[in-house]
Amino acid sequence: MKKKIVIVGAGFGGLTAAKNLADTEYEITLIDRTNHHLFQPLLYQVATAALSPSDIAVPIRSLLSGYKNIKVILDEVISIDKDNHLAKLTDSQLNYDYLIIAVGAKHSYFGKSEWEKIAPGLKTLTDALTIREKIIEALELAEKENNPELMQKYLTFVIVGGGPTGVELAGAIAEIAKETMIKDYKSFRPEDTKVILIEAAERILSSFDKKLSEQAKEDLEKMGVEVKLNTKVENISDDGVYTIQGFIPAKTIIWAAGNQASPILKSLNVETDRAGRVIVNKDCSIPGNPEIFVIGDAAYFEDENGKVLPGVAQVAIQQGKFVAEIIKNEIPFEKRPVFRYKDKGTMATIGKAKAVAEIKGIKLTGLFAWLVWSFVHVFFLIGFRNRFRVMIEWIWYYLTKRHGTRLIVGK
Ligand SMILES: Cc1cc2nc3c(=O)[nH]c(=O)nc-3n(C[C@H](O)[C@H](O)[C@H](O)COP(=O)(O)OP(=O)(O)OC[C@H]3O[C@@H](n4cnc5c(N)ncnc54)[C@H](O)[C@@H]3O)c2cc1C
């Protein structure tokens, strides 16, 4: 009988593992709670109306339809029964010989889950569309407001968290609020809008070289973003953000401050880090169960220098390939190789024609970094159609400075 492999999650890690196990003798079932593979690095562009959802998401089924041994199931895995080799779905269960868990991460509000309703984070297409509607709606409310205090609240956009997502969002919102969309409104001027990036640490982009963090801060400030460092958020309400340095009235608050692993990992009953990520073995399997692998954002992996691998797409992709090879070759636990991450560099874009990048020790800033960023992002997008559409959208935007997808449809 054919051996069964169950893969949970069709993000970067799960999809790579599935593709590397395609056309083998294994029977593979790939389960995802959404029907699409999402290119998260460009989500902020959907949230800021530069791209449409279909530009950065592809139906999983269509990506894998050519492989006879891979079945795709749209469902949520609720828990894992390790003893009986079962993945439990909402109303069924699947038996496995090997299990690959690649469920990514979700937002962490540091125990204040009530903030989520007011300050959405950015992980899914739904999140991006919620944020897009919030931004456009705030501008619409400001346009018809006569009370100057309320108008200021509608025109204030606060982003909490100065990692790559927070920086990219702050830059893109500043472009909207101070340069592009603002032209369509008659009641306020660019200088009436405020974009505030709040960071608890002493610098933004703390995983980058210090000089690049400083450059990113300077670039954001030139675009009109107020960067508040060493500023902890104490509370969030419908009225605005309470920080240790005072209250900021704001209608639009976006959360980009923390990650937390998926709750299904708890059912594995193995050691996790503070964020709930599974502390995996050097072959990405879990202690005591060499047939179960946890990869990507869901895994806590220390490299040979004791450095914890970052939650980035390349780690998930490389781990997906690595565990597929172990399974294909049926390597017994004692003989398995150690996973080694090849760091291809990190980058973050700040706005039109501005980015910072660090590639193999080389630091890049400004237009050149942005060109590299654009090339890499288009190259790694899945599907020729998406690459082509994104390039056309970008060219259109950079020539006309007009955002394409500005509809409010949620109402
Ligand atoms: C806004 C944003 C910007 C980013 N920018 C960059 C960047 O510029 N460069 C970079 O390298 N990285 C970036 N990242 C990080 C990168 O996207 C992640 O590291 C990568 O997606 C992790 O891959 P993964 O396979 O572990 O999880 P994901 O890609 O998150 O995939 C997880 C999949 O599992 C599914 N799933 C979750 N739980 C279940 C369940 N219980 N049952 C069934 N399915 C489930 C989800 O629907 C999802 O499809 C960014 C992330 C975000 C959110």
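Biologist: Where is Lys360 found?
Modeller: Lys360 is in the loop between β24 (354-359) and β25 (362-365). Helices and strands are DSSP runs numbered from the N terminus, a helix being H or I over at least four residues and a strand being E over at least two. This is a predicted model, in which local features need pLDDT of at least 70 and side-chain atom pairs count only at pLDDT 80 or more, while totals for chains, interfaces and linings use all residues. Residues are numbered from 1 along each chain as its sequence is written, and side-chain values use heavy atoms, with hydrogens and water left out.

Biologist: Why is Lys360 called exposed?
Modeller: Its relative accessible area is 69%. Exposed means over 50%, buried means under 20%, and partly exposed is in between, with a 1.4 Å probe and protein chains only. Lys360 is therefore exposed. Its phi is positive, about 50°, although Lys360 is not a glycine.

Biologist: What is the phi of Leu205, and is that residue buried or exposed?
Modeller: Phi of Leu205 is near 45°, a positive value in a residue other than glycine. Leu205 lies in the loop between β12 (194-198) and α9 (210-222). With a relative accessible area of 1%, Leu205 is buried.

Biologist: What makes the pair of Tyr185 and Phe188 stacked?
Modeller: The structure holds 12 aromatic pairs. In the pair of Tyr185 and Phe188, the ring centres are 5.4 Å apart and the planes are at 20°. Rings of Phe, Tyr and Trp (its six-membered ring) pair if their centres lie within 6.5 Å; planes under 30 degrees apart count as stacked, over 60 as edge-to-face, and the rest as tilted. Tyr185 is buried at 8% relative accessibility, and Phe188 is buried at 5%.

Biologist: How do you know that Phe322 and Phe339 are edge-to-face?
Modeller: Their planes are at 70°, and the distance is 5.3 Å centre to centre. Both residues are buried. Phe322 belongs to helix α10 (residues 313-328) and Phe339 to the loop between α10 and β23 (346-351), so the pair ties together parts that are 17 residues apart in sequence.

Biologist: Which residues form one aromatic cluster?
Modeller: The cluster is made of Tyr109, Phe110, Trp115 and Trp255.

Biologist: How do you know that the charged end of Lys282 sits over the ring of Phe301?
Modeller: A charge sits over a ring if NZ of Lys or CZ of Arg is within 6 Å of the ring centre and within 35 degrees of the ring normal. The charged end of Lys282 sits over the ring of Phe301, 5.1 Å from its centre.

Biologist: Why is α11 called roughly antiparallel to α12?
Modeller: The axes of α11 (residues 366-380) and α12 (residues 384-400) come within 9 Å and cross at roughly 150°. That makes the two helices roughly antiparallel. Axes are lines fitted to C-alpha atoms, for helices over the stretch in contact, and angles run from 0 to 180 degrees between N-to-C directions. Angles under 35 degrees count as roughly parallel, over 145 as roughly antiparallel, 65 to 115 as roughly perpendicular, and the rest as oblique.

Biologist: Which residues of α11 and α12 meet?
Modeller: Trp370, Trp373, Ser374, His377, Val378 and Phe379 in α11 meet Arg387, Val390, Met391, Trp394 and Tyr398 in α12. The residues of this contact divide into 8 nonpolar, 2 polar and 1 charged. Ala, Val, Leu, Ile, Met, Phe, Trp, Tyr, Cys and Pro count as nonpolar, Asp, Glu, Lys and Arg as charged, and the others, Gly among them, as polar. Contact means heavy atoms within 4.5 Å.

Biologist: Why is Asp55 counted as buried, and what is Asp55 in contact with?
Modeller: The relative accessibility of Asp55 is 2%, so Asp55 counts as buried. Asp55 sits in helix α3 (residues 53-56). Leaving aside neighbours within four places in sequence, Asp55 is in contact with Leu381, Asn386, Arg389, Val390 and Glu393.

Biologist: Why is helix α1 called largely enclosed by the rest of the structure?
Modeller: In α1 (residues 12-20), 7 of the 9 residues are buried, so the helix is largely enclosed. The buried ones are Phe12, Gly13, Gly14, Leu15, Thr16, Ala17 and Ala18.

Biologist: What makes Val46 count as buried?
Modeller: Val46 is at 0% relative accessibility and therefore counts as buried. Val46 is found in helix α2 (residues 43-47). Among the residues it touches, not counting those up to four places away in sequence, are Leu51, Ala128 and Arg132.
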